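Here is a quick walk through a two-chain model, starting where the chains meet and then moving inside each of them. Keep the viewer open as you read.

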Amino acid sequence: MEVLQKEIWALNPEAKSIYRSEHQHAYPWRIKEFISLTDLLQELVLSRPQVILIFDTEQHSLFESYKGIVTKFKHFCPIIGVCDSSHTHEQRQQILAFGFNDCISQPIKENVVKSTLNHWINTSFDQNNQENNGYDPNEKVIQELLKFMDSAQLADLMQEFKGTTLNQLGKLKEMTSHKEQAEVLHDMKGSAASLGFLKIAESAEQVERLIKENQKDGIKEDLIKFVDTTHYFLINFTL
Amino acid sequence: MDNTEEKKKVLIAEDSSVIRNLLKKVLSFEDCEITAVKDGQSCIDHFNEGNYDLILMDIHLPGTKNGLEATKEIRAVKKKKANIPIIGISGNAKNKPVSEFFDAGMNDYLQKPLDYDKVIELVKKYLY
């Protein structure tokens, strides 16, 4: 089994001594740094880290801008705030209540950052496995398809499905027309089911039905949840 | 199969590139010559210009003509080839009366998710 490279993303990593210890080579992860939230969000479209560290979390001017990323991604990827040592217990509680998964004080002690990151890296794997339940392609459908093509050809089709669907997911949220949304979901449902992605097909069908029945309550939330969950699964999917 | 025998020609009208390519792979086992288009009007154009033995037509096609409308237009052509077998492909067959597929002139229909053995069975039924 392939061992995944554990990657941690750090936003605003000004306090350089915090995690770049002289012993970093001994850490089982790789750090990727971002100096702007926009860059980090763009990268999140293409891949996922094991943990995101956001420095200077306590700065109120930045606090609100993190709301989107924390709300959207905290269930898929632990997001840890890194705060000034002067922050109070109340501030820490506020950060956690805001949605961050954890909070570390600066200056960070090596054993604290190491054990905290290890904890959340392992937790994120558990969450990933849980989220993937039912999303992997149905084995019976795969075996049926392999009667007509070899595994390399099937992998090409899966890859095409992944690319097409990620592209459609990106457009879904931007669309204002319910008719267009329903058409995209309908198309996604058909191709997903035919390749054995039954959970994606089922979820797409549910949202398509809500839209067609013009149920005002819950359409937006269900659509966003469908897009985020499916996007997350496909980004991490390999045959 | 006799190599001197001309290959059967199948026209696929399906907007999803994934399902188009999937059907191409599955039908390649029947040694057919396959042409695939993604909307109803292209299907009509290819039908008019070529000589096909079978059409697999998605019901839910984008553009000016969906699968049912394209089928009606093909059936209205005043040539013998207008009798070409047309198999509809529907993602909503469970929720829709299938009579509208036959009313439009389709000979049969397949339901998504595709049952590939059924695809082969129907293709053989209408090709040979």
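Chain B and chain A bury about 1800 Å² between them, with 64% of that area on carbon and sulfur atoms. Bear in mind that this is a predicted model. Three residues stand out on the chain B side: Val18(B), Lys25(B) and Tyr116(B) supply 31% of the area that chain B buries against chain A, more than any other three residues. In terms of contacts, 19 residues of chain B meet 20 residues of chain A.

What about polar links across the interface? The rule finds 4 residue pairs in polar contact between chain B and chain A, both partners at pLDDT 80 or more.

Over all chains, the salt bridge count comes to 10. Four of them are listed here.

| Salt bridge | N to O distance |
|---|---|
| Lys179(A) and Glu183(A) | 3.2 Å |
| Glu208(A) and Lys189(A) | 3.4 Å |
| Asp31(B) and Lys7(B) | 3.4 Å |

Two of these sit within chain A. Lys179(A) and Glu183(A) are 4 residues apart in helix α8 (residues 178-194) of chain A, so about one helical turn separates them. Lys179(A) is exposed, at 60% relative accessible area, while Glu183(A) is partly exposed at 35%. Now for the other pair: the side chains of Glu208(A) and Lys189(A) meet in a salt bridge. This one links distant parts of the chain, with Glu208(A) in helix α9 (residues 198-212) of chain A and Lys189(A) in helix α8 of chain A, 19 residues apart. Both Glu208(A) and Lys189(A) are buried.

Chain B has a salt bridge of its own between Asp31(B) and Lys7(B). Asp31(B) lies in the loop between α1 and β2 (33-37) of chain B and Lys7(B) in the segment before β1 (9-13), so the pair ties together parts that are 24 residues apart in sequence. Asp31(B) is partly exposed, with a relative accessible area of 33%, and Lys7(B) is partly exposed too, at 38%.

Next, which residues of helix α3 (residues 67-75) of chain B are buried? They are Gly67(B), Leu68(B), Ala70(B), Thr71(B) and Ile74(B). Down the axis of α3(B), these buried residues fall within an arc of 165°, so they line one face of the helix. They pack against α2 (40-49), β3 (54-58), β4 (86-90) and α4 (99-104) of chain B. At the N-terminal end, Asn66(B) caps α3(B), with a side-chain oxygen 3.0 Å from the backbone nitrogen of Leu68(B).

Back in chain A, there are 10 helices and 5 strands. Buried residues make up 47% of its 239 residues. One example is Thr165(A), found in helix α7 (residues 151-174) of chain A. Thr165(A) counts as buried because its relative accessibility is 0%. Leaving out residues up to four places away in sequence, Thr165(A) touches Met188(A) and Leu234(A).

Terms used. Residues numbered from 1 in each chain as written. Chains lettered and ligands numbered in written order. Predicted model: local features only at pLDDT ≥ 70, side-chain atom pairs only at ≥ 80, totals over all residues. Heavy atoms only, no water. Contact = heavy atoms within 4.5 Å. Buried area = accessible area lost by both parts, 1.4 Å probe. Polar contact = N/O pair within 3.5 Å; in protein donor to acceptor, adjacent residues only side chain to side chain. Buried < 20%, exposed > 50% of the residue type's maximum accessible area, 1.4 Å probe, protein only. Helix = DSSP H or I, 4+ residues; strand = E, 2+ residues; numbered from the N terminus. Arc of directions from axis to C-beta. Salt bridge = Lys/Arg side-chain N within 4 Å of Asp/Glu carboxyl O.
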